[in-house]
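Subject: Structure for you to look at

Hi,

Here is the structure I said I would pass on.

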Amino acid sequence: MTVTLHFHGAAGTVTGSCYRVDHPGGHFLVDCGLFQGNRSVRELNLKPTPFAVQSIDFLLLTHAHIDHVGLLPKLYAEGWSGPAWMTEPTAGLLEYMLPDSAGIQESEAERETRKRSRRGDEPVKPLYTKADADEALKHRKTCAYETWIEPGPGVRARYWNAGHIIGSASIEIEVMDGDKPVRLLFSGDIGPDEKVFYKEPDAPAGFDYIVCESTYGGRERDDYTLLQRRDALKAEINGALGRGGNLVIPTFAVERSQELLHDIGYLIKTGEIDPSMVFLDSPLASKVTGVYRKYAKMFEDVELGADELFNDPRFRIIEAVADSQAINSIRGGAIIMSASGMCDAGRIKHHLRANLIRRNATVLFVGYQAPGTLGHVILTGAKQARIHGKLVPVRANIRALGNYSAHADHTELMEWISARLPAHGAIFLSHGEDEERQALRAAIMATGMAGDQIILPQLDDYFELTAAGIAGKAQAETRRIDPHQVHSDWHNAFSDFTIRLSQQLQASSDEDKLALMQALQHQLSALGAPLSPSHKRTPITPVESQSVDE
């Protein structure tokens, strides 16, 4: 048996990270993340696990973001009982991340079951339950940075700071192939050079194979210092408050929320901003902030003392539902941060419903918005968005600030890759859209590396690896999804079509409305899909917004 590397997620997309390594001594995983994005991508979570879970000996986690750990409870629900290795802060975050994710799975299943019951359909089971999340937590194993562990026969691994979020790591792995080791490095998610909490990413050099993320592989952010980033945030906050409305910031519960709280607290302390209140409305973010306080000794560049960190008197960290609902009675002067960062679930949707309709309100995006998410729809200029089944007009000011990204940009990724070379066998570019991967591939080739050594795997591809540095490609007999549907599926196209059709009809005269509907009926008939008279009287109802609908 040779060493093979399987790409079960984050291949051609930025979600669902999961890699499987088969080797003469057994099988293991690196990450096991939840798929997020459009409906076709999300449905991958419901499909059968593409490997025999009982064959997996152990799992290595790079960090606690849900697109890297969110399917871990599903493994235990399917009967797996192996250990999951991670850093101590990652273990602390999972204490809250996994039960929170399970709660979302259960509530979404309940909501869908109610819909189905009205149609007389069978109930829906959650992807996994809180009991499954609790079981996963029992199998955590922690390790220190830069210290070798031997998680299974013929395998040893070492964790390196990735500078992405607290506890994040790149994982160096040696897998025995006969009497020779195959040396691999999984980047995990690489953080930018300028971070408020951590040192720059690090790892050794000289591997047979490198699996590198490429989220921003083709994009450059403006060069900035932490001071410049804080100045940019100050300008956005003062601009928003100056309009008289609230400032709504969709944010991620882990890292982004804590960085924003730190910077907002500093700006309040120095008198540079004057909000009436600052809300962090997320039970998960509240708990995660406690983890950050616990590990504050790890931080590098925090400008507030430990007793001041996240503790400004204007801060309100919200957990209770009633307190969350009360926020929406505030018409102006408040900063409202809430999860999820891509607006596809959670309390942020309620705050968007309350504020998007107000011309004096502002929505500020501070992170990546994956295609197919509500955040992406709003950020790219939609005039309406479907939230909780209702079309909401977008009148608020829509802004974006890129300097809070937890991902390295193109130049920073190239610097990280260059410092890890040589890669004798191949570099696999994962965790990125195809356009970003192509741009990063071209830049690596410009350094002199051969094109056939820079590989862009698709979902379910796998490769044979040898210590001699040769990667032989293979492909699964069937793919779980058409690669084109990763970026655009019929659900989103249909939603976009119905919204545009509705807008066109509303803007037309009665005579033109009838002509347009007759023309559409004629086209459908030509395609072999004639409408019956009863169908003609039934209005077209969009099943989903241009993005995600709960």
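One definition before anything else: I say a charge sits over a ring if NZ of Lys or CZ of Arg is within 6 Å of the ring centre and within 35 degrees of the ring normal. With that in hand, go to Arg-183: its charged end sits over the ring of Phe-207, at 4.6 Å from the ring centre. Arg-229 does likewise with Tyr-404, lying over the face of that ring, 4.0 Å from its centre.

Keep in mind that this is a predicted model. The average pLDDT for the protein is 88, and 90% of the residues score at least 70.

Now the sheets. One is an open, mixed sheet of seven strands, ordered E7-E8-E9-E10-E11-E20-E21. Its edges are E7 (149–152) and E21 (454–455), each of which pairs on one side only. E7 is joined to E8 (residues 155–161) by two bridges, in the antiparallel sense, and Ile-149 stands opposite Ala-157 in E8.

Two helices to look at here are H12 and H13. H12 (residues 410–420) lies across E9 (169–177), E10 (180–186), E11 (207–213) and E20 (423–430), and it runs at about 170° to E11. H13 (residues 434–445) lies across E11, E20 and E21, at about 155° to E20.

The other sheet is also open, but its pairing is parallel: six strands in the order E14-E13-E15-E12-E16-E19. E14 (315–318) and E19 (397–400) are the edge strands; each has a single partner, so one side of each is left without a neighbour in the sheet. From one strand to the next the twist averages 20°. E13 (residues 277–281) pairs with E14 over four bridges, in the parallel sense, and Leu-280 has Ile-317 in E14 as its bridge partner. Helix H6 (residues 226–242) lies across E12 (247–250), E15 (334–338), E16 (362–365) and E19, running at about 165° to E16.

The structure holds eight aromatic pairs. In one of them, Phe-7 and Phe-428, the ring centres are 5.5 Å apart and the planes stand at 50°, so the pair is tilted.

Tyr-19 and Phe-186 make another tilted pair, 5.5 Å centre to centre with 40° between the planes. Tyr-19 is in strand E2 (residues 19–23) and Phe-186 in E10, so this pair ties together parts that are 167 residues apart in sequence. Both of these residues, Tyr-19 and Phe-186, are buried.

Which residues do the ring pairs link into a cluster? They are Phe-7, Tyr-19, Phe-186, Tyr-209, Phe-428 and Phe-463.

Cheers

Conventions:
Residues are numbered from 1 along each chain as its sequence is written. This is a predicted model: local features need pLDDT of at least 70, side-chain atom pairs count only at pLDDT 80 or more; totals for chains, interfaces and linings use all residues. Side-chain values use heavy atoms; hydrogens and water are left out. pLDDT is the predictor's confidence in each residue, from 0 to 100. Two strands pair if DSSP finds at least two bridges between them. Contact means heavy atoms within 4.5 Å. Axes are lines fitted to C-alpha atoms, for helices over the stretch in contact, and angles run from 0 to 180 degrees between N-to-C directions. Rings of Phe, Tyr and Trp (its six-membered ring) pair if their centres lie within 6.5 Å; planes under 30 degrees apart count as stacked, over 60 as edge-to-face and the rest as tilted. Buried means under 20% relative accessible area, exposed over 50%, partly exposed in between (1.4 Å probe, protein chains only).
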